[in-house]
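The sequence and structure come next.

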Amino acid sequence: MWTRHVTMAQALIAFLKNQYVERDGQENRFFEGAWGIFGHGIIAGIGQALQQNPDFRYYLCRNEQGAVHIATAFAKARNRKATFVCTSSIGPGATNMITGAATATVNRIPVLLLPGDIFARRNVAPVLQQVESEHAQDFSVNDAFKPVSRYWDRIYRPDQLICSLPEAMRVLTSPAQTGAVTLALPQDVQAEAFDYPEEMFEKRVWHIARPEPEGVLLAQAVEWIRAARRPLIVAGGGVIYSEATAALADFVAQTGIPVGETQAGKGSLAFDHPQNLGAIGVTGTPGANIAAREADLVIAIGTRLADFTTASKTAFQNTGVRFIGINVAEIDAFKHAAIPLVCDARTGIDRLSRLLRDHRVDSAYTRAIARWRDEWERETDRIFGLRHGPPISQGEVIGAVSRAARPGDVILNAAGSLPGDLHKLWRTRHPGEYHMEYGNSCMGYEIAGGLGVKMADPSRDVYVMVGDASYLMMSSEIITSVQEGYKLNIIIVDNHGFSSIGGLSKSVGSGGFGTDYRFRNPRSGQLDGEHLPLDFVQAAAGLGAIAVRATTLREVEDALEAMRGQDRTSVVVVEVDKEMRVPGYESWWDVPISETSEIQSIREARARYEVAVKRERHHEIAVPVECEELKTV
Ligand SMILES: Cc1ncc(C[n+]2csc(CCOP(=O)(O)OP(=O)(O)O)c2C)c(N)n1
Ligand SMILES: [Mg+2]
């Protein structure tokens, strides 16, 4: 047997650069390179290995959390068929990646994390940044990655790599299992040499399968769809990752079944497809939410059925409602006591299409769908055309960005009030145009994520909309975008704090406590003084961006127009009226309110809560009873 005498770190990089994936006959390299920040925990091991492998590019970021967001956004934009490696030193560099790992794993997006770790040989312990323990020596801060990783290992001996790396690849390339994978790399072991088998460094192609649904269950699903009077599809991110959007468009055009889109599933259908009711759930459109309320059959495709989608289990109120779950992950397919079609989304839709060629929903339902769609288009136009202020409304800013963006361009966001507004209002034409990280809704994802999306397809213009608080949480990857020559269009929406959580605070009776960016007021002792002296134009310019301020809608439009001509990351800062919100429609979210309080508004909110929470259903055990009278049509 031929062997290669190299260090563990050198073997690791040599292995990673030879991993490929293939689906539908299309093959590509799985890792585009490695992001990281060196420290003593990797500089001489992984750092040295990266140095001697210039064909596996090393990218220097500003924050390890940012690196993981870049990788996650890149992988999401590439439909999970490619990603980056993220590497860090030991201690704080490693723990900085944990939030990123959670974000990737919640969203089922592959990223490979290589944090440095404390010495395996232990004799020099405690090393710089080591958290000591009195009762065990076999853990470090890297154990904190376990609950947020889909696969986790620590490489105590160089030969362990031979067994661990194929496991890491299996999980990363599995549509059902994927998420963050962490291989913790003790600092001393990285530099140890071993005789690795030469086969380990040969090109390996990982096939991404399209599993078929089980025949008996498929037949039962077809029966249920034929029997349903008011069926509804909930399209999640799985539709997009599986590249099932064309199949879905054909299936619903043929059957007339309407579609509500989750945050990750937005773009499954073009906004003007006659069966698209748009966003569903807490941040949904009235049509999608009324259809959900009255549906007697819900076909959940590629969705985790999270609380924003199910309106905390209040979305589906028909007493006879039944579910079909089409999902490559068992955990999702089985939710809501569904007929579990554990299969690839595209394959599942294709099989149903074939078996339902002669089936169509009735014309009364079709007319209701058309009416809801019509009403929603008018509501969107109303919000885009408010002409409020200045400060103008956030809805008008979204309208201006949507007019500036060309087909194929990408809108990106993650947290605050923008996810809800964009989910409702953005008119998505093609899959991939709408990039929302709403599994973890991680403030700070936006700019790093924008860079990942731009790198995934530099031909697309990327519009990052980001709230002022989210911008402050992590804006430093702006200079990374400048360093790498990837231009981002960033719109900072400044409302002096948290519009989202501020609004929520008011709705739970707490009056916005602790959600405004204001000075501490010496008289009240509270944060209710003047607005903080933040200057986002200077902040962004200081990070290397071209930055301007816009006050009126006209100025916003001009700034967006000017941005298009720039070749460097550009920022427009626009102040909006925090109180001029896009409303919610026909939905509810469970945020429990104190059972006891001295404050009258909280007692009132609690009373409303106790009524609302009664609408929550236990779909996981529900046995459908006779269908309710339908109210819509
Ligand atoms: C890392 C992180 N911390 C806290 C939260 C909770 N949270 C959700 S939205 C929000 C405020 C966001 O403010 P901003 O980005 O200005 O957006 P706005 O609500 O004003 O639209 C907070 C604190 C979060 N989602 N992520
Ligand atoms: Mg804000």
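Glutamate 243 is partly exposed because its relative accessible area is 29%, where buried means under 20%, exposed over 50% and partly exposed in between, for a 1.4 Å probe and protein chains only. Glutamate 243 lies in the loop between α8 (237–241) and α9 (245–255); helices are DSSP runs of H or I with at least four residues, strands are runs of E with at least two, and both are numbered from the N terminus. Its phi is positive, about 55°, although glutamate 243 is not a glycine.

The model is predicted: local features need pLDDT of at least 70, side-chain atom pairs count only at pLDDT 80 or more, and totals for chains, interfaces and linings use all residues. Residues are numbered from 1 along each chain as its sequence is written, chains are lettered from A and ligands numbered from 1 in the order in which they are written, and side-chain values use heavy atoms, with hydrogens and water left out.

Alanine 311 also has a positive phi, near 50°, in a residue other than glycine. Alanine 311 is in the loop between α11 (307–310) and β16 (322–327), and it counts as buried because its relative accessible area is 2%.

The loop between α14 (363–384) and α15 (394–404) holds proline 390, and proline 391 lies in the loop between α14 and α15 as well.

| Cis peptide bond | Omega |
|---|---|
| Glycine 389 to proline 390 | about 10° |
| Proline 390 to proline 391 | near -5° |

Two strand residues follow. Aspartate 117 belongs to strand β7 (residues 111–117) and is buried, with 2% relative accessibility. Its side chain makes a polar contact of 2.7 Å with the side chain of arginine 154; a polar contact is a pair of N or O atoms within 3.5 Å, and within protein one must be able to donate a hydrogen and the other to accept it, while residues adjacent in sequence count only if both atoms are side-chain atoms. Isoleucine 301 is part of strand β15 (residues 297–301) and is buried at 1% relative accessibility.

Helix α16 (residues 418–425) has 8 of its 8 residues buried, so it is largely enclosed by the rest of the structure. Among these buried residues are Asp421, His423 and Lys424.

What coordinates the magnesium ion (ligand 2)? The donors are Asp468 (OD), Asn495 (OD1) and Gly497 (O), at 2.0 Å. A donor is an N, O or S atom within 2.8 Å of the metal (3.2 Å for Na, K and Ca), and water is not among the atoms, so sites may look incomplete. Aspartate 468 and asparagine 495 are both buried.

Ligand 1 is surrounded by 15 residues, and the closest are Ser417, Asp468, Ser470, Ser499 and Ser500; a residue is near a molecule if one of its heavy atoms lies within 4 Å of it. Helix α18 gives the largest share of this shell, 4 residues. An oxygen atom of ligand 1 is 2.6 Å from an N or O atom in the side chain of aspartate 468. The side chain of serine 470 likewise has an N or O atom 2.6 Å from an oxygen atom of ligand 1. A backbone N or O atom of methionine 443 lies 3.4 Å from a nitrogen atom of ligand 1.
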